[in-house]
Amino acid sequence: QVQLVESGGGSVQPGGSLRLSCAASGTIFSINAMGWYRQAPGKQRELVAGITSGGSTNYADSVKGRFTISRDNAKNTAYLQMNNLKPEDTAVYYCKADVSAPRWYERNDYWGQGTQVTVSS
């Protein structure tokens with residue numbers, strides 16, 4: 001069984017920064033794409049940023065230039081560095097990973113439990 005555990009959420013003032021982490025554990029053969037999503041109250045979950053196993057990244061227009069996604073393949077961990085945070089960034093942030101586990105052909109999407117990010121003065 002694969003588990004994703006997020007950490008790093010919290011409350012911050014506008015203009016502040018936070019760094020989220022998502023650590024995958026279990027009998028993992030490989031992790032393919034990883035991504036960060038967010039869901040604000042009353043809104044649909046949306047993609048914030050994604051990263052492939054090779055390091056290619058993509059971002060929602062609303063966070064380009066402010067957020068940076070990265071990953072450490074040796075640690076099975078993805079990160080989301082969030083700078084210049086705005087009140088509209090307030091949401092529960094979820095990590096998703098496309099994981100082959102335990103064998104290379106057993107491929108599924110896994111989600112973390114979510115971490116709250118609140119941006120308010």
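In what order do the 4 strands of the open sheet stand?

1. Basis of the note. This is a predicted model, in which local features need pLDDT of at least 70, side-chain atom pairs count only at pLDDT 80 or more, and totals for chains, interfaces and linings use all residues. Residues are numbered from 1 along each chain as its sequence is written, and side-chain values use heavy atoms, with hydrogens and water left out.

2. The sheet. The 4 strands are arranged in the order β1-β3-β8-β7, with antiparallel pairing. Because β1 (3-7) and β7 (67-72) are the edge strands, each with a single partner, one side of each has no neighbour in the sheet. On average, neighbouring strands are turned by 15° against each other, direction ignored. Strands here are DSSP runs (E, at least two residues), numbered from the N terminus, and two of them pair if DSSP finds at least two bridges between them. The angles are taken between axes, which are lines fitted to C-alpha atoms, and run from 0 to 180 degrees between N-to-C directions. In general, strands of a sheet pair through backbone hydrogen bonds, either parallel or antiparallel.

3. Antiparallel pairing over 5 bridges links β1 to β3 (residues 18-25). Within β3, A24 is the residue opposite L4.

4. Strand β7 is joined by 6 bridges to β8 (residues 77-82), and the two run antiparallel; D72 stands opposite T77 in β8. The covered face of β7 carries F67, I69 and R71, whereas T68, S70 and D72 lie on the uncovered face. β7 and β8 form a hairpin with 4 residues between them.

5. Most residues other than glycine have a negative phi, and most peptide bonds are trans. N76, in the loop between β7 and β8, has a positive phi of about 50° although it is not a glycine. With a relative accessible area of 25%, N76 is partly exposed (buried means under 20%, exposed over 50%, and partly exposed in between, with a 1.4 Å probe and protein chains only). N84, found in the loop between β8 and β9, likewise is not a glycine and has a positive phi of about 50°; its relative accessibility of 42% makes N84 partly exposed. A cis peptide bond, with omega about -10°, joins A101 and P102, and P102 lies in the loop between β9 and β10.

6. A buried aspartate. D89 belongs to the loop between β8 and β9 and counts as buried, because its relative accessibility is 0%. Its side chain makes a polar contact with the side chain of R66 at 2.7 Å. A polar atom of the D89 side chain also lies 2.8 Å from the backbone nitrogen of K86. A polar contact is a pair of N or O atoms within 3.5 Å; within protein, one must be able to donate a hydrogen and the other to accept it, and residues adjacent in sequence count only if both atoms are side-chain atoms.

7. A nonpolar surface patch. F29, W104 and Y105 form a nonpolar patch with about 430 Å² of accessible area together. Residues of such a patch have over 30% relative accessible area and no salt bridge, with nonpolar side chains joined within 5 Å; a salt bridge is a side-chain nitrogen of Lys or Arg within 4 Å of a carboxyl oxygen of Asp or Glu. Areas come from the Shrake-Rupley method with a 1.4 Å probe. Y105 is located in the loop between β9 (91-100) and β10 (107-111), and Y105 counts as exposed at 52% relative accessibility.

Methods: Patches are made of residues with over 30% relative accessible area and no salt bridge: like charges are joined within 9 Å, nonpolar side chains (Val, Leu, Ile, Met, Phe, Trp, Tyr) within 5 Å.
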